[in-house]
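Here's a quick briefing to read alongside the sequence and the 3D view. Have both open and follow along as the topics come up.

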Amino acid sequence: MKLQRKSGLRALTVGAVAITGALVLSACGSDDNSGSTPSNSASSSNSASSGTGSNAAGISCATGKLLSSGSTAQQNAIESWVKDYQQACSGATINYKPSSSGEGIIDFNNGTDAFAGSDSPLKPEEVAKSKSVCTGGTGINIPMVGGPIAVGYNLPGVNNLVLNASTLAKIFNGKISTWNDQAIKALNPGVNLPSTKIQSVHRQDDSGTTDNLTKYFKGAAPADWPYEHAKAWAAKGGQAAAKSAGVAALVKQTEGSIGYFELSYATASQIPTVKINTGAAAPVEATTANASAGIAQAKVKGTAPDLALDLSAAYTTKADNAYPIVLVTYEIACDKGNKADTLALTKSFLNYIASDAGQAKLTDAGYAPLPTAIATQVRTTISALS
Amino acid sequence: MTTTAPPPTTPEPHRVARTVSRPGDRIFAGMARGSGILLLIVMAAIALFLTVRAVSAISKDHGNFLTTFEWTPSLNPPVFGIAVLAYGTVVSSVIAMAIAVPIAIGIALFITHYAPRRLGGPIAYVIDLLAAVPSIVYGLWGALFLVPHLRGVNLWLDDYFGWTYIFHKQDPNSAARSLFTVGILLAIMILPIITNVSREVINQVPKMHEEAALALGATRWEVIRLSVLPFARSGIISASMLGLGRALGETMAVATVLSASPVLSARILDPVGGTFSQNIVAKFGEADDFGRDALIASGLVLFLITLLVNGAARMIIQRRKEYSGANA
């Protein structure tokens, strides 16, 4: 015997087909912020010779294969440098794996990296560990890629927002909760601020960007930021999003929101950025040139050849057109005891990226070139690597 | 051939089976035994690795590992705990189950008992497609589509059910990146597993049971209630547990949608909280060796929770077996 199933729902078949179609089409686009992929176009300008030689681009080439990994903050910069270097120097292969500063340092201390990229200088215990890979030397911090941390906001009708360290810290700490707060009004005379609640957006994942922003709060407005600087967000309240791209997307999506990310994300998503009232003649905008001027205030705190920077003077600077919320990322290599087979290429590549030509590339990607005084020390240090 | 006098009651066929042994038998038996042992060794190695690293991290924790909200192993002294993570994992999974299980059973019954055969096939196929979508795609869809579109739902819940406290939203303007949204997303993700397994189980209900019920004058609903559901109950529970397993461990979709923060709140519409796997993916990248050990400790807790859930499910199924006739 056979049970009769109810029929007559034929119209639903069309619905099922439509659902299938919708599912198939539900692919999502994602923003690619890098825009460039390393290409290995063979260069004819340099004969395939071993050892070093000079070429038209002014790069003194070396050959071989280099492994490196680390900070994603400098990923775009390194990718464009690697592309240029490999185009000019045939026979050189440089792999930079953008994992994270933490992983880069672990890789470096395991001896798998010729150099690592990091958002923060080595900690003392990491320096101690590096002695096992750097025969007769230690790992040192070489500042290389600087940049402004932009504070983006979404406030329709307001395109020229000025804040200072204290109000920023209070906003991100939840102490200022509406856009028409007295403290914000005082910094923006004549601007019609809405009474919307402020949605502050921070990073959900641990990140060097968070670390550097909270260093700035701690340095420039210690009274308003009761937490230690850290890679993990310490304050209560606000919303969290994954990675800089996630923060930028959420700010773009949410009216009344404010968040922080590298300048390139603000440019790519056309998010207006906050100008900082530092006490200088005019509020300072987040631009690469202004960030370079901010970094120029920094002091070297490492003992030579280590060039770890102390940015506290940059955080509190009152110099005109010096943007105070800056971060500097480092390349980490051994001062002595680099592996013999990669030393030549490491030195050659680092020399190129620290050169004027290399640093000039940074501006296009939203980074800030190193100020001259620091760049000079960096080049001296690189030449002395052994 | 045994030389000692065998007891006279030894069954004859058994002895015959034992005497015939060709190389193929021995090789196959060895391989099977080897596979079994290998599995045990791998499991023991994983458990040992997790336990050793977890214990070394927990012993240096300056907070209470079970009750601390924050996850800050990089501070000096390190303080980290799983309270928020355990709560968020359980709550988001419970929401997902509450939504997914009834719908999944409904779909399974529709396909097997209500839909015309020509429609049942395509629907089952679409459900299978849902299972094939990678979780990061669900995450992107959740963050870019579901979150903005759930705003209205959130406001409505807040307006009419805010008095329950659970559905009270502290800041009505905040985006819907909450445990509630995560629960809805997880429900969609576990729907295909529960539906498919339930459908298989329901298909195995003996036709005679249904026909007997019909013969007694039962309506279609009564047939389902009296003969289909009791028989399929243990299978549906197993299906739900499979789904729950996926919901508990889901990583990328949660990490993309949830606004994580170390706050434990019963208000499920507030953008706070966290889950074990979301926390691991957010913290692993920048963690140093000690931070990784701490994350491994949290992973071990998730492992234990999953074991407990599975054990409980097995007990329920065991107890139901006699009534359902599923062991027939």
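Predicted model: local features only at pLDDT ≥ 70, side-chain atom pairs only at ≥ 80, totals over all residues.

Helix α9 (residues 220-249) of chain B spans only 38 Å between its end C-alpha atoms, whereas a straight helix of 30 residues would span 44 Å at 1.5 Å a residue. The rest is sorted by topic below.

**Where the two chains meet**

- On the contact count, 45 residues of chain B are in contact with 40 residues of chain A.
- Interface size is often quoted as the accessible area lost when the parts come together.
- Here, chain B and chain A bury about 3800 Å² between them, and 55% of that is on carbon and sulfur atoms.
- How many salt bridges does the rule find across the interface of chain B and chain A? It finds 5.
- The rule also finds 11 residue pairs in polar contact across this interface, both residues being at pLDDT 80 or more.
- On the side of chain B that touches chain A, α3 (83-114), α4 (117-132), α5 (135-149), α8 (207-215), α11 (276-283) and α12 (289-324) of chain B each supply at least two residues.
- Of the contributors to that side, α5(B) gives the most, with 7 residues.

**One cross-chain salt bridge up close**

- The side chains of E70(B) and K236(A) pair up in a salt bridge, at 3.8 Å from N to O.
- This pair joins two chains, because E70(B) lies in the loop between α2 and β1 (71-72) of chain B and K236(A) in the loop between α7 and β9 (239-241) of chain A.

**Salt bridges inside chain A**

- Over all chains, the count by this rule comes to 13 salt bridges.
- R379(A) forms a salt bridge with D356(A), with the closest N and O atoms 2.9 Å apart.
- R379(A) sits in helix α14 (residues 372-383) of chain A and D356(A) in helix α13 (residues 356-360) of chain A, so the pair ties together parts that are 23 residues apart in sequence.
- Of these two, R379(A) is partly exposed at 26% relative accessibility, while D356(A) is exposed with a relative accessible area of 56%.
- D211(A) forms a salt bridge with K215(A), where the closest N and O atoms are 4.0 Å apart.
- Both D211(A) and K215(A) lie in helix α7 (residues 208-220) of chain A, 4 residues apart, or about one turn of the helix.
- D211(A) is buried, with a relative accessible area of 5%, but K215(A) is partly exposed, with 22%.
- R203(A), D205(A) and K243(A) are linked in a network of salt bridges.

- Chain A has 14 helices and 14 strands, and buried residues make up 52% of its 386 residues.
- Among chain A contacts between residues at least 6 apart in sequence, 72% join residues at least 24 apart.
- As background, most residues other than glycine have a negative phi.
- Q270(A) has a positive phi near 50° without being a glycine; this residue is found in the loop between α9 (263-269) and β11 (275-276) of chain A and counts as exposed, at 64% relative accessibility.
- N321(A) has a positive phi too, near 55°, and lies in the loop between α11 (312-315) and β14 (326-334) of chain A.

- Is T138(A) buried or exposed? T138(A) is buried, with a relative accessible area of 18%, which is under the 20% cut-off.
- T138(A) is found in the loop between α4 (124-130) and β6 (139-154) of chain A, and, leaving out residues up to four places away in sequence, touches V127(A), S130(A), K131(A), A333(A), C334(A) and D335(A).
- N154(B), in helix α6 (residues 151-161) of chain B, is buried with a relative accessible area of 0%.
- With residues up to four places away in sequence left out, N154(B) touches K169(B), A176(B), F180(B) and L269(B).

Notes:
Residues numbered from 1 in each chain as written. Chains lettered and ligands numbered in written order. Heavy atoms only, no water. Expected span 1.5 Å × (residues − 1). Buried < 20%, exposed > 50% of the residue type's maximum accessible area, 1.4 Å probe, protein only. Contact = heavy atoms within 4.5 Å. Buried area = accessible area lost by both parts, 1.4 Å probe. Polar contact = N/O pair within 3.5 Å; in protein donor to acceptor, adjacent residues only side chain to side chain.
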